[in-house]
Amino acid sequence: MDRKLLDILCCPASKQPLALLAAADLEALNRAIAAGGVTRADGSPQSEPLAEGLVTRDRRTAYRIDDGIPVLLADEAIATAQVADFPR
């Protein structure tokens, strides 16, 4: 993801800055998705693993990146509290 774009992106709900999900974060999230235990903010299941993602500064909310495009819709946010082993 372009660094200049990343510098201006923020969470649509909390307005917190976003950072790229680290490999360990992404792996933990994808394990939980594969186990079927992850839903989006709108209640729909997140069934597809994330290739890339963004996380808020407080690490409570993650957003997926599809084909290099951040999906910053509040309804599609993923609460990281759903992931028991999400690194803090």
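Leu73 is partly exposed, with a relative accessible area of 47% (buried means under 20%, exposed over 50%, and partly exposed is in between, using a 1.4 Å probe and protein chains only). This is a predicted model, where local features need pLDDT of at least 70 and side-chain atom pairs count only at pLDDT 80 or more, while totals for chains, interfaces and linings use all residues. Residues are numbered from 1 along each chain as its sequence is written, and side-chain values use heavy atoms, with hydrogens and water left out.

You'll find Leu73 in the loop between strand 4 (69-70) and strand 5 (78-79); helices (H or I, at least four residues) and strands (E, at least two) are DSSP runs, numbered from the N terminus. Leaving aside residues up to four places away in sequence, Leu73 touches Pro12 and Tyr63, where contact means heavy atoms within 4.5 Å.

Now hop over to Cys10, in the loop between helix 1 (3-8) and strand 1 (18-20). Cys10 is partly exposed too, at a relative accessible area of 32%. Its contacts, again not counting residues up to four places away in sequence, include Leu72 and Pro17.

Next come the strands. Four of the five residues of strand 2 (residues 52-56) are buried, so this strand is largely enclosed by the rest of the structure. Strand 2 pairs with strand 1 in the antiparallel sense over three bridges (pairing takes at least two bridges found by DSSP), and Leu20 has Leu54 as its bridge partner in strand 2. Strand 2 also pairs with strand 3 (residues 61-66), antiparallel over four bridges. Strands 2 and 3 form a hairpin with four residues between them, and Arg59 in the turn has a positive phi of about 65 degrees.
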